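Please open the structure in your viewer and keep the selection panel at hand.

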Amino acid sequence: MRAPSSNETALGEVLLAVEEVSLSFGGVRALTGVSFDIRKGEIRAIIGPNGAGKTSMLNVVNGFYQPQSGRITFKGNVRNSMRPYAAARGGIARTFQNLALFRGMTTLDNILAGRALKMHRGFFWQLLRYGPALQEEVEHRRRVEEIIDFLEIAAIRKVQVGRLPYGLQKRVELGRALAMEPDLLLLDEPMAGMNLEEKEDMSRFIIDVNQQYGTTIALIEHDMGVVMDLSDRVVVLDYGRKIADGTPDEVKRDKDVIRAYLGETH
Amino acid sequence: MLYREVGQYKSNYAADMAVFPILQDRIGIAVILVIAYVVFPLIGNDFLLNTILIPFLIFSLAAIGLNLLTGYTGLLSLGTGAFMGVGAYACLKLTTIFPHVNILIWILASGFFSSAIGVLFGLPSLRIKGFYLAVATLAAQFFLEWCFIRIPWLYNYSVSGAIEVPLRTFMGIPMTGPTATSLTRYLAVLTIVVAMTWVASNIVHGRIGRMWMSVRDMDLAAELIGIRLFRTKLLAFAVSSFYCGVAGAMMVFLWYGGAEAEVFAIDQSFLILFMVIIGGLGTLIGSFFGSALIYILPIALRLIPANFGIPIRPAAAEQLTFVIVGALIIVFLVVEPNGLARLWQIGKQKLRVWPFPY
Amino acid sequence: MHILYLIFVDPFVQMVHAPDLLMQTLWDGLVGGVLYALIALGFVLIFKASGVFNFAQGIMVVFAALTLVGLHEHGVPAFVALGLTILVMLVLAFGVERLMLRPLVNQSEIILFMATFGLTYFLIGFGQLVFGGNPKVMIADDLYLPSGAIEWKGHFGFVSLQKIDIAAVVIASIMVAVLAVFFQRTRIGRALRAVADSHQAALSVGISLEQIWVIVWFAAGVVALTTGIMWGARSEVSFSLQIIALKALPVLILGGFTSIPGAIVGGLIIGIGEKLGEFYWGPLLGGGIENWLAYVIALGFLIFRPQGLFGEKIIERI
């Protein structure tokens with residue numbers, strides 16, 4: 001591990017920190033003593049070869065997996081593990097490697113569903129769909145329409161997402177995560193399976209989200225070009241351990257990283 | 001008049017988010033309501049009202065109830081019959097203990113009892129899902145069925161062991177019991193079903209409906225966007241059982257006029273499940289289609305051959321119904337897994353672009 | 001306090017005081033359990049190979065038994081009727097594969113599950129239409145199945161064992177053994193296990209799904225026929241059996257949907273559990289608890305171990 005680089009001081013305060021997190025499934029170690037932090041406003045990439053534990057790491061962060069040991073500090077609160085609901089409530093949103101959309105619902109409903117935490121009108125008004133309940137629906141619809149415009153998916157507003165092509169589904173999923181107005185957005189391979197044009201679009205959206213809304217982003221990505229261009233800092237995992245952490249340039253030159261990727265033998 | 005949405009611009013989100021955004025649909029609903037409230041009562045004889053329309057509406061309501069749980073929330077239930085039974089027995093006890101309260105109030109109130117029982121048997125959904133949960137609802141089905149037979153207090157210690165519906169009046173008009181006319185009962189059933197369908201449509205189009213569908217489509221993702229799975233599922237059990245309970249109470253009080261526990265046996269659960277499947281999972285209008293097909297098909301099979309002079313034994317007609325319904329279920333799943341409602345949608349889409357194919 | 005005594009002490013006192021009754025109850029439970037296990041076995045076979053939760057397994061039992069008895073009623077000699085019934089089950093397997101599974105390939109589990117509802121209805125109607133809906137007597141004598149009972153006298157008293165029950169247990173054991181060998185040792189068995197793991201992977205190495213499906217549905221049909229004969233010989237051949245067949249569901253919950261040993265152990269637990277419950281605790285509740293006890297046992301079990309007895313812990317991935 002290398003010493004913290006000098007440009008870290010320029011970054012914001014720590015939003016999320018994981019310390020010494022270990023996770024195993026019935027004897028199979030997925031993560032071993034991983035520590036890193038995510039600072040406010042940055043784009044943080046998590047990279048590593050297949051099976052390095054990247055997705056497991058995201059799953060730990062938003063409470064889907066409970067690590068056996070370690071601590072997670074989010075917005076100053078220290079805890080041993082997250083719970084999905086607490087994570088969502090605290091402002092962590094997420095997209096998935098293999099898409100986890102609500103396939104039977106329209107684009108609009110998918111993104112509106114992302115507002116679940118922000119809608120509170122009681123059961124009684126819901127029964128009548130009148131007064132406050134309707135008013136609330138309309139307010140959130142307005143907010144959702146902004147996201148739809150931003151992601152340029154107005155044309156598929158009322159299409160069932162199960163019927164959309166893959167690239168658009170990825171966009172809808174991003175939309176659903178944005179609808180939560182998260183403080184921390186976790187993107188699991190947002191560009192997997194995309195062609196160059198789609199990748200460019202997606203990169204643009206990610207940068208815009210980061211800059212326009214000030215959302216902190218942690219992303220897993222395999223395309224090194226994209227990672228190096230987008231991210232402020234990169235953490236590299238291999239076999240469930242952290243092998244490097246730093247700016248893209250630093251990581252690129254790291255011996256351990258080169259070895260992990262090229263399988264250099266000694 | 002053509003079925004077009006051309007020229008119907010929405011200038012605000014509220015209009016676009018209405019349940020029926022297209023004018024022609026709203027007209028269609030109005031026409032159906034006029035037929036149901038005016039035409040049928042004028043032309044309807046006892047046979048039409050009592051043998052076709054009342055049961056059709058009641059089954060539709062039960063199917064909506066199950067659809068909220070299975071079609072919208074994705075929780076398979078095989079206990080619908082028993083939950084209907086809870087409604088019926090609760091209604092009997094309520095009207096026995098408080099005979100002076102309007103029976104229609106008790107029919108609706110009995111839904112709350114069924115709701116409570118539904119939530120109780122929905123508790124395992126905290127830990128288990130899919131087929132496993134279906135077995136949990138089977139436990140409810142058989143346990144409740146047993147209660148209906150073994151606890152005489154529930155059926156007021158009647159000698160036959162059956163529910164005997166007492167005479168209850170509303171503003172001097174008999175509503176339930178032997179002297180209530182089929183017209184009064186039809187109008188009562190119709191009003192309850194229309195009102196509850198409207199409410200169901202409000203629920204599924206709003207926040208709660210979206211939460212249910214999220215849980216159905218991808219429960220893990222739903223959890224990660226901040227939907228509390230357990231609460232959402234229990235709410236689905238509660239609302240669904242409420243609908244089933246009211247349907248059960250109506251079945252006994254406004255249709256049969258008396259019933260034994262057998263009416264709420266597992267066969268009833270399956271019948272309603274079939275209605276939901278054939279009609280279309282996750283659509284309200286499908287519940288009506290399914291109920292119409294499954295309930296009216298056997299009647300048609302009995303009557304049509306007789307009209308053409310082909311005698312068919314009642315038993316054979318029933319068996320033939322089984323064969324046809326069974327085959328239809330498979331055919332529907334093969335041709336259109338989304339049920340009759342989907343065919344209806346496709347038809348509307350075709351109509352919208354007519355005379356062009358696309 | 002008295003009620004606690006009745007629940008927690010008295011039944012066990014009774015068991016100790018009348019061991020012959022206990023043995024008798026255990027035996028009855030065992031036989032019932034074997035038959036549940038057989039139905040569950042049919043489920044497991046189909047579920048493993050085609051991922052279909054075959055709700056129609058129960059009705060296949062009735063349908064097979066009904067066909068056998070019905071053919072015999074029409075004057076077909078017993079063993080010829082048996083052969084013909086096996087043929088009918090083969091035709092059924094082909095029909096199911098061609099008309100139901102093949103068009104529904106790649107649909108979600110729940111759709112396939114519901115399609116088997118359709119199959120259930122179809123078979124109920126069809127069976128009644130062809131053979132009539134009245135309960136029938138199984139042609140046990142013509143098939144040389146034993147009848148009568150043997151009294152078994154131990155140091156604890158008399159236990160009466162029906163010979164047909166003994167035959168049921170023996171035949172069931174043989175069948176399970178044959179299936180186990182078939183699964184473990186033959187080429188088709190290996191293909192079957194491959195299909196159970198992954199349809200697509202199996203297809204890609206050249207296994208014919210259609211063929212496998214026909215084989216497992218046929219195997220399940222033969223298991224159903226055996227179950228139907230045994231059950232029919234113990235009571236009668238009627239459609240009410242279909243409700244009893246639903247008890248295979250709690251059995252599967254206990255044993256897991258894909259485990260053959262699980263189906264057997266689960267069947268025995270449910271069979272013995274519900275007989276003991278009915279005999280010793282049932283009177284406290286007014287009897288008849290057999291109808292739901294199995295489900296409640298399964299439910300209680302599920303809450304503590306959602307993956308079943310033999311299932312592996314489910315790790316959810318996303």
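Begin by selecting chain C, whose secondary structure comes to 13 helices and two strands. Here helices (H or I, at least four residues) and strands (E, at least two) are DSSP runs, numbered from the N terminus. The radius of gyration of chain C is 21 Å, close to the 20 Å that the globule rule gives for 318 residues, so chain C is as compact as a globular protein of that length. The radius of gyration is taken over C-alpha atoms, and the globule rule is 2.2 Å times the number of residues to the power 0.38. Along its principal axes, the C-alpha trace of chain C spans about 65 × 60 × 35 Å.

A note on what is displayed: this is a predicted model, in which local features need pLDDT of at least 70 and side-chain atom pairs count only at pLDDT 80 or more, while totals for chains, interfaces and linings use all residues. Residues are numbered from 1 along each chain as its sequence is written, and chains are lettered from A and ligands numbered from 1 in the order in which they are written.

Next, show chain B beside chain C. In this pair, 33 residues of chain B are in contact with 39 residues of chain C; two residues are in contact if their C-beta atoms, placed from the backbone, lie within 7 Å. On the side of chain B that touches chain C, the elements giving two or more residues are helix 6 (131–150), helix 11 (266–279) and helix 13 (314–335) of chain B. Helix 13 of chain B supplies the largest share, 14 residues. By class, this side of chain B has 28 nonpolar, three polar and two charged residues. Ala, Val, Leu, Ile, Met, Phe, Trp, Tyr, Cys and Pro count as nonpolar, Asp, Glu, Lys and Arg as charged, and the others, Gly among them, as polar.

Now select helix 11 and helix 13 of chain B together. Their axes come within 10 Å and cross at roughly 40°. Axes are lines fitted to C-alpha atoms, for helices over the stretch in contact, and angles run from 0 to 180 degrees between N-to-C directions. At this contact, B:Phe274, B:Ile277 and B:Ile278 of helix 11 of chain B meet B:Val325, B:Leu328, B:Ile329 and B:Phe332 of helix 13 of chain B. These residues divide into seven nonpolar, no polar and no charged.

Finally, move to chain A, where there are ten helices and ten strands. Its C-alpha trace spans about 70 × 40 × 40 Å along the principal axes. Which strands form the open sheet of chain A, and in what order? Six strands form it, in the order 6-7-8-3-9-10, with mixed pairing; two strands pair if DSSP finds at least two bridges between them. Strand 6 (92–95) and strand 10 (241–246) of chain A stand at the edges, each with a single partner strand, so one side of each is left without a neighbour in the sheet. The twist averages 15° from one strand to the next.

Within this sheet, select strand 7 (residues 184–188) and strand 8 (residues 216–220) of chain A, which run parallel and are joined by five bridges. A:Ile220 in strand 8 of chain A is the bridge partner of A:Asp188.
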